[in-house]
Amino acid sequence: MLTEQGVATLHQLSERLGASFSTVRRDLDELEKRGLVARTHGGAQLGAPPATSAGRQPVTQSAEIQSAKEAIGRLAATHIEDGQSVIFDSSTTVLEAARVIAASRLRITAVTNNIQIAAVLAESETVRLIVPGGSRRPGTYVLSGEPGDSFFGRLHADVALLGAQNASNGRLTDSRIEGASAKRLILAAVRTPILLIDSWKFGGPGFCDVAALTDFAVVMTDSGLQDEARRDLERRTVNVRIADFNPGSAPRS
């Protein structure tokens, strides 16, 4: 992942690899001892980025990834309507959509198994927030297991915003059995599933199948999507929406 991006945060590595924050930290510490990576505040990079003439750090690939996530989040928010019931999957890209939706003052019923997303939605007076419950997965913001799983099994929501770890050969995959099962529960509980997936997550398959990309009403990604991946999605008749972003823009403060 660091070879692909140059820079990655603990959140991104944990999400992509299905590992806890503490595991990722230990692995990065070991890689740093071997001289393979340089630790940064909240993550790591393959090499120290050069400072500008003014002494400031230039915008990194990590900032571009954040800008892409925000662009996808803004696009996803345009598909949410007043009065709908919306499931928010556990994902940093879905988190950006939650921020936009909470600020928009839409009156929705929101359901999420992610503590961080719940905290964002709780700030809105117009959101009726439901947190199904469960046990916190160590090193993450995710609640899993009972009673949440049973709750999703009885739910019939309007829209779900689902995140992604990997997609390849027309299928969404996940490195965790538990994560794949949770997404399938959400898919079964919603009328309009929308997948939010960063363009760099199209590639090698994860450990577990989740669903075919054609099972989603819309697949939203960013304008960094490679031409080969775009053509593959078109060939498979996947309904794709592209969120444009400025690769040189700074991350949201």
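The model is predicted; local features need pLDDT of at least 70, side-chain atom pairs count only at pLDDT 80 or more, and totals for chains, interfaces and linings use all residues. Residues are numbered from 1 along each chain as its sequence is written, and side-chain values use heavy atoms, with hydrogens and water left out.

The chain holds 9 helices and 15 strands (DSSP runs, H or I of at least four residues for helices, E of at least two for strands, numbered from the N terminus). The C-alpha trace spans about 55 × 40 × 35 Å along its principal axes. The radius of gyration is 18 Å, which agrees with the value near 18 Å for a compact globule of 253 residues (C-alpha atoms; rule: 2.2 Å times the number of residues to the power 0.38).

Of the 253 residues, 50% are buried (under 20% relative accessible area, 1.4 Å probe, protein chains only). Contacts are heavy atoms within 4.5 Å. Among those with a separation of 6 or more, 61% join residues 24 or more positions apart.

The largest nonpolar core has 30 residues (buried Ala, Val, Leu, Ile, Met, Phe, Trp, Tyr and Cys joined through side-chain atoms within 4.5 Å). Elements giving it two or more residues include α4 (61-77), α5 (92-104), β9 (157-162) and β12 (190-196). Leu161 is one of the residues with the most contacts inside this core.
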